[in-house]
Amino acid sequence: MEKKQKTSLTWQLILTMVVIVAGTVAMCWFFNTTFLEKYYIFHKEKELKSSFDQVRLICEKQGDSSDDAYVQFERICANGNINMLIADQDRNLIWSSYSSAQRFQMQMEDWLYGSDRSRVQVLSSGKDYTLLRQTDERLQSEYLVLLGTLKNGNNLYMRAAVESIRESAAISNRFLLFVGAAAIVSSLLVAFFTTRHITKPLQQLTDISKRMVDL
């Protein structure tokens with residue numbers, strides 16, 4: 001009987017620890033799946049605005065047609081995983097990170113000056129920029145797009161794919177599931193070995209209490 005009570009107490013403690021760990025993992029996974037993509041998109045919006053400020057500063061100091069400026073433009077695009085295009089007021093291409101620069105420019109101008117703007121959502125705007133969310137049904141893709149004006153009057157177009165953000169969030173959620181499963185298994189093993197050391201002195205105290213009562 002005493003052995004059964006000891007075993008029952010051990011498994012109760014093990015179950016409690018596993019439930020706590022599993023509950024924590026489940027809560028983290030819920031918040032990840034619900035809010036992580038939104039957080040990534042919010043972060044990317046801030047990154048586009050920050051990149052716009054960096055480009056404006058570079059153009060003010062070095063112009064937008066110098067080799068040094070081009071290197072810094074490439075670094076900004078690579079670090080932020082964005083595409084960028086600079087065109088003058090007559091829509092002549094000055095610089096682009098896109099391999100098919102003219103095609104990219106046509107897409108951007110179609111969003112700007114095209115007749116169908118129903119799939120363009122304005123997210124925010126400032127004195128020299130407008131941040132949009134655009135849906136391309138042909139490619140079944142969404143983009144965050146920043147349209148800005150440099151101090152010399154030239155136009156700046158920046159674009160980041162929402163799909164890559166979704167993919168990053170999905171990868172993070174899958175990784176969290178693996179980590180959660182490993183945490184549950186680890187907690188089960190740790191709980192099994194630690195509770196044996198915890199329940200043993202508790203059982204001894206119980207036995208002593210019973211003997212004292214019997215006396």
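1. The six strands form an open sheet in the order β2-β1-β6-β5-β4-β3, with antiparallel pairing; two strands pair if DSSP finds at least two bridges between them, and strands (E, at least two residues) and helices (H or I, at least four) are DSSP runs numbered from the N terminus. The edge strands, each pairing on one side only, are β2 (93-96) and β3 (120-125). From one strand to the next, the twist averages 20 degrees.

2. This is a predicted model, in which local features need pLDDT of at least 70 and side-chain atom pairs count only at pLDDT 80 or more, while totals for chains, interfaces and linings use all residues. Residues are numbered from 1 along each chain as its sequence is written, and side-chain values use heavy atoms, with hydrogens and water left out.

3. Within the sheet, strand β1 (residues 83-87) runs antiparallel to strand β6 (residues 155-161), and five bridges join them. Leu-85 stands opposite Tyr-157 in β6.

4. A search of the whole structure finds seven aromatic pairs, where rings of Phe, Tyr and Trp (its six-membered ring) pair if their centres lie within 6.5 Å, and planes under 30 degrees apart count as stacked, over 60 as edge-to-face and the rest as tilted. The pair Phe-30 and Phe-31 is edge-to-face because the ring centres are 5.6 Å apart and the planes stand at 70 degrees. Ring pairs link Phe-30, Phe-31 and Phe-35 into a cluster.

5. The charged end of Arg-159 sits over the ring of Tyr-143, 4.3 Å from its centre; the criterion is NZ of Lys or CZ of Arg within 6 Å of the ring centre and within 35 degrees of the ring normal.

Terms used: Axes are lines fitted to C-alpha atoms, for helices over the stretch in contact, and angles run from 0 to 180 degrees between N-to-C directions.
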